Amino acid sequence: AVAATLTMSVAPATAASDAIAYTNDAGWGGWAKFVANGDRLDVCDTRADGKRVHGELLYITSTGSYRRVAEDANGAGNSCASKSGDIPEGTKVTVRVCLKDGADGREEFCATKTGVA
């Protein structure tokens with residue numbers, strides 16, 4: 001009976017899940033994706049429109065709030081940008097993606113999606 005009680009009191013683990021957000025302009029100028037296996041943020045420009053794709057990974061742990069940023073500024077059809085680092089398992093993450101006109105340009109056509117590390 002004791003073993004059954006202990007087994008039932010353990011909370012189920014939250015399954016890791018990827019999350020991908022697409023810019024909300026016509027034709028999706030780019031995307032940002034959280035890859036749970038490796039805790040990686042990938043950011044990719046998909047349209048030759050002269051804009052860069054800005055991606056962010058936002059999350060909160062017991063030690064604070066974190067923001068990981070990557071930008072694909074080399075144009076569509078080239079390599080994408082990526083940032084990685086360890087995130088505690090089960091942490092809820094938010095992926096945010098925007099288009100920008102230059103390094104200091106205004107963010108536009110932003111979108112978000114959530115996942116779990």
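Trainee: Is Cys80 buried, partly exposed or exposed?
Mentor: Keep in mind that we're looking at a predicted model. Buried would need a relative accessible area under 20%, and exposed would need over 50%. Cys80 comes out at 38%, so the label is partly exposed.

Trainee: And its disulfide partner, Cys44: buried or exposed?
Mentor: Cys44 and Cys80 form a disulfide, with the sulfur atoms 2.1 Å apart. The cut-off for buried is under 20%. Cys44 has a relative accessible area of 9%, so this cysteine is buried.

Trainee: How many residues apart in sequence are the parts that Cys44 and Cys80 tie together?
Mentor: Look at where the two ends sit. Cys44 belongs to strand β3, residues 40-45, while Cys80 is in the loop between β5 and β6. The pair therefore links parts with a sequence separation of 36 residues.

Trainee: Is the disulfide of Cys44 and Cys80 left-handed or right-handed?
Mentor: Check the torsion about the S-S bond. For Cys44 and Cys80 that is about -45°, so the disulfide is left-handed.

Trainee: What is the handedness of the link between Cys98 and Cys110?
Mentor: The structure holds two disulfides, and Cys98 with Cys110 is one of them, its sulfur atoms 2.0 Å apart. The torsion about that S-S bond is 115°. The link of Cys98 and Cys110 is right-handed.

Trainee: Which strands does the pair Cys98 and Cys110 tie together?
Mentor: The two cysteines are 12 residues apart in sequence. At 0% relative accessibility Cys98 is buried, whereas Cys110, at 25%, is partly exposed. Cys98 lies in residues 92-100 and Cys110 in another strand, so the pair ties β7 to β8.

Trainee: Which strands stand at the edges of the four-stranded sheet?
Mentor: The sheet is open, its pairing is antiparallel, and its order is β5-β4-β7-β8. Two of these strands have a single partner each, so one side of each lacks a neighbour in the sheet. Those edge strands are β5 (64-72) and β8 (107-116).

Trainee: What does the twist average from one strand to the next?
Mentor: We're still on the open sheet with the order β5-β4-β7-β8. From one strand to the next, the twist averages 20°.

Trainee: Which residues stand opposite Leu57?
Mentor: Start with strand β4, residues 52-61, which has nine antiparallel bridges to β5 and eight to β7. A hairpin through two residues also joins β4 to β5. On the β5 side, Leu57 faces Arg68. On the β7 side, the residue opposite Leu57 is Val95.

Trainee: How many residues of β4 are buried?
Mentor: Buried here takes a relative accessible area under 20%. β4 has 10 residues and is mostly covered. The buried count for β4 is seven.

Methods:
Residues are numbered from 1 along each chain as its sequence is written. This is a predicted model: local features need pLDDT of at least 70, side-chain atom pairs count only at pLDDT 80 or more; totals for chains, interfaces and linings use all residues. Side-chain values use heavy atoms; hydrogens and water are left out. Two strands pair if DSSP finds at least two bridges between them. Axes are lines fitted to C-alpha atoms, for helices over the stretch in contact, and angles run from 0 to 180 degrees between N-to-C directions. A disulfide is a pair of cysteine sulfur atoms within 2.5 Å. Buried means under 20% relative accessible area, exposed over 50%, partly exposed in between (1.4 Å probe, protein chains only).
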